[in-house]
Amino acid sequence: MIEPNKVDLLIIGGGPAGISAAIWAKRLGVNHLLLEARSEIGGQLTDIHNKIIDYPGMIVQNGVELQEHLKQHAQKIAFNVETGCKVNWVDWDKKRVFTNSNAIYEFRSILVSTGSSPRKLRVPGEQEMIDRNEVYSATRDKDKFKGKNVAVIGGGDRAFEGALLLAEAGSNVTLIHRSEQFKARKEFTDPVIQHANINVITNTVVTNIQGENRKQLTLATLESTSTVTADGVFIRIGVEPNTYAFKDGISLDDEGYITCTSVGETSLPYVYAAGDVCTRPLLSSIASSVGQGMTAVKCLSFYLND
């Protein structure tokens with residue numbers, strides 16, 4: 001039988017919130033361990049390809065550059081971390097976490113900082129496209145699609161900004177949205193709607209994606225179906241919190257976000273949350289995640305010392 005590793009505080013998720021939490025756990029002398037599913041800490045920073053100008057103290061060209069700063073900070077602080085360690089499920093009665101590496105961790109408290117992931121359409125052909133690594137960034141890949149047809153799916157800032165970047169780089173863009181109402185800000189909607197290289201289709205959903213190089217998208221409205229061909233597909237329909245492993249132990253709201261107080265306390269007094277796993281995109285930022293990680297660990301240190 002595998003003996004559990006005992007730790008006072010498990011920090012699950014190594015993005016900015018988790019890194020901040022681990023720094024403070026080390027500083028406060030809390031017996032801690034950060035578990036990160038990826039091969040290195042940094043979370044979703046590797047997926048940010050545009051300039052980051054709103055993180056106090058530094059302006060960086062992309063998320064990878066900020067990730068390097070955080071990794072260097074982590075090495076100097078030398079907090080306890082295990083990478084490549086994904087939490088599969090939690091035994092809330094015995095306070096144990098089971099991971100993909102067959103390791104078992106017995107905890108007194110947990111900070112969940114597992115972030116969020118891009119929301120999927122969940123239609124045939126989408127996962128195959130992802131498995132082929134056909135996941136693009138408008139900032140990074142816009143020149144790749146110059147003179148080609150692309151489809152952008154969504155109605156928020158990311159969809160409209162991406163459509164505009166692609167169109168201005170010379171792509172022929174079809175923007176597809178499920179309703180006539182857009183969540184994107186006016187500074188994006190107006191230039192997109194007016195752009196000669198962008199065709200906006202509303203009240204329409206994508207029901208199928210076929211093909212490898214050139215893809216055929218099946219579009220459906222209440223009245224009919226049609227198809228559109230694209231060399232690249234950019235799915236921008238928002239994000240969803242990574243809370244699957246915790247849904248049976250703590251309260252989640254109707255969209256799957258962890259419900260917690262202003263300091264991160266969840267429905268269990270020994271479980272806190274920080275970052276995008278409990279903060280919707282409208283109020284989310286790298287800076288807020290860092291602050292939430294610090295606040296949560298300070299509060300958990302009070303709990304552990306009681």
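The legends below describe close-up views of a predicted model. Local features are given where pLDDT is at least 70 and side-chain atom pairs where it is 80 or more, while totals for chains, interfaces and linings use all residues. Residues are numbered from 1 along each chain as its sequence is written, and side-chain values use heavy atoms, with hydrogens and water left out.

**View 1. The lining of the second largest pocket.** This pocket has a volume of about 180 Å³, and its lining is formed by Pro16, Ile19, Ser20, Ile23, Trp24, Tyr55, Met58, His69, Leu70, His73 and Val290. (On a 1 Å grid over the protein atoms alone, a pocket is an open set of points where a 1.4 Å probe fits, with protein on both sides within 12 Å along at least five of seven lines, and lining residues have an atom within 4 Å of a point; the volume is the space filled by probe spheres set on the points, which are joined across faces, edges and corners.) Helix H1 (16–28) and helix H2 (63–77) each supply at least two residues of the lining, and H1 gives the most, with 5 residues. (Helices, of at least four residues in DSSP states H or I, and strands, of at least two in state E, are numbered from the N terminus.) By class, the lining has 8 nonpolar, 3 polar and no charged residues, where Ala, Val, Leu, Ile, Met, Phe, Trp, Tyr, Cys and Pro count as nonpolar, Asp, Glu, Lys and Arg as charged, and the others, Gly among them, as polar.

View 2. His32 lies in strand S2 (residues 32–36) and counts as buried because its relative accessibility is 4%. (Buried means under 20% relative accessible area, exposed over 50%, and partly exposed in between, with a 1.4 Å probe and protein chains only.) A polar atom of the His32 side chain lies 2.8 Å from the backbone oxygen of Val30, and a polar atom of this side chain lies 3.0 Å from the backbone nitrogen of Asn80. Leaving aside neighbours within four places in sequence, the residues in contact with His32 (heavy atoms within 4.5 Å) are Val7, Leu9, Ala22, Ala25, Lys26, Phe79 and Asn80.

**View 3. The largest nonpolar core.** This core has 30 residues, and those with the most contacts inside it are Leu9, Ile11, Leu66, Phe79, Leu111 and Val297. Two or more residues come from each of strand S1 (5–12), H1, H2 and helix H7 (286–305). (A nonpolar core is a set of buried Ala, Val, Leu, Ile, Met, Phe, Trp, Tyr and Cys residues joined through side-chain atoms within 4.5 Å.) Apart from this core lies another, of 24 residues, among them Leu33, Cys85, Tyr105 and Val277.

**View 4. Thr114 in a loop.** Thr114 is placed in the loop between strand S6 (104–112) and strand S7 (116–118), and counts as partly exposed because its relative accessibility is 22%. Not counting residues up to four places away in sequence, Thr114 touches Ile12, Gly13, Asn242, Phe246 and Val277. The backbone oxygen of Asn242 lies 2.7 Å from a polar atom of the Thr114 side chain.

View 5. Asn102, in the loop between strand S5 (96–99) and S6, has a positive phi of about 70° although it is not a glycine, and at 56% relative accessibility Asn102 counts as exposed. Asn133, in the loop between helix H3 (126–131) and helix H4 (138–141), has a positive phi of about 65° and is exposed, with a relative accessible area of 61%.

Note on methods: A polar contact is a pair of N or O atoms within 3.5 Å; within protein, one must be able to donate a hydrogen and the other to accept it, and residues adjacent in sequence count only if both atoms are side-chain atoms.
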